[in-house]
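Please look at the sequence and the three-dimensional structure shown here, and keep both in view while you read.

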Amino acid sequence: MSAATPTSEAQPGGRLPIVGVMGSGGDAHDELARPLGRWLAYQEVHLLTGGGRGAMEAVSRAFHGVSPRRGLVIGILPSSDVDGAPPRGYPNPWIEVSIRTHLPARGQRGSDPDSRNHVNVLSSDVVIALPGGPGTASETALALDYGRPVVAWRPAGTDPTLPADTRQVPTFVEVQAFVRSHLNRLAARARGLA
């Protein structure tokens, strides 16, 4: 199947599935984020990130660069402590739909009720975890807790900071197969077949 061949179907009312990509806010991991963002843009899904820099920006830029595409780049933005506006660096330039929250960018542990990690995960139909730090690990754990399909792309081997039951895969082909499988399940459920 070519990169340009869409594999997902819109859900009732024309709603596209949302794929959340979680990852480092500091390291772009371009070698992973760029091909992933481009591929997702061809899958007729919306892309959701935390709206910041690093891997979030890299995957957003790659997704945004595909034209034509149906999906949008969504960013779940934190609030600054000063006036409720997003802090510096949010949203990155590739975000098309900014969802502003009252939740801070820093100071909250990833699983705390006041963390926007909950919003990121609960708004996603499928979650992909690129390499990152404690925030990415907490989003992965929350995805498991909330029953969201989640896969961690780890070319260098397994990441011991992720929950033990996290599916960790070393290749892009495995990430694609995981996402396609879950998008197909969503489409079947939307048609009343599953």
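The paragraphs below go from the sheet to the helices and then to some single residues.

This is a predicted model, in which local features need pLDDT of at least 70 and side-chain atom pairs count only at pLDDT 80 or more, while totals for chains, interfaces and linings use all residues. Residues are numbered from 1 along each chain as its sequence is written, and side-chain values use heavy atoms, with hydrogens and water left out.

Begin with the sheet, which is open, has seven strands in the order 4-3-2-1-5-6-7, and shows parallel pairing. Strands (E, at least two residues) and helices (H or I, at least four residues) are DSSP runs, numbered from the N terminus, and two strands pair if DSSP finds at least two bridges between them. Strand 4 (97–104) and strand 7 (167–169) each have a single partner strand and stand at the edges, so one side of each is left without a neighbour in the sheet. From one strand to the next, the twist averages 25 degrees.

Two of the pairings can be followed residue by residue. Strand 1 (residues 18–22) and strand 2 run parallel and are joined by three bridges, and glycine 20 stands opposite leucine 48 in strand 2. Strand 5 (residues 126–129) likewise pairs with strand 6 (residues 150–153) in the parallel sense over three bridges, and valine 127 has valine 150 in strand 6 as its bridge partner. In strand 2 (residues 46–49), His46 and Leu48 point one way while Leu47 and Thr49 point the other way, and all are buried, where buried means under 20% relative accessible area, exposed means over 50%, and partly exposed lies in between (1.4 Å probe, protein chains only).

Now turn to the helices that lie across these strands. Helix 1 lies across strand 1, strand 2, strand 5 and strand 6, and runs at about 175 degrees to strand 1; helix 5 (residues 172–190) lies across strand 1, strand 5, strand 6 and strand 7, and runs at about 165 degrees to strand 5. For such angles, axes are lines fitted to C-alpha atoms, for helices over the stretch in contact, and the values run from 0 to 180 degrees between N-to-C directions.

How do helix 1 and helix 2 pack, and at what angle? Helix 1 (residues 30–41) and helix 2 (residues 55–64) pack at about 40 degrees, with their axes 7 Å apart. The two helices are therefore oblique to each other, since angles under 35 degrees count as roughly parallel, over 145 as roughly antiparallel, 65 to 115 as roughly perpendicular and the rest as oblique.

The peptide bond from serine 67 to proline 68 is cis, with omega near 0 degrees, and proline 68 is found in the loop between helix 2 and strand 3 (73–79). The bond from tyrosine 90 to proline 91 is also a cis peptide bond, with omega near -15 degrees, and proline 91 lies in the loop between strand 3 and strand 4. Histidine 29, in the loop between strand 1 and helix 1, has a positive phi of about 45 degrees although it is not a glycine, and at 14% relative accessibility histidine 29 counts as buried.

Technical notes: Contact = heavy atoms within 4.5 Å.
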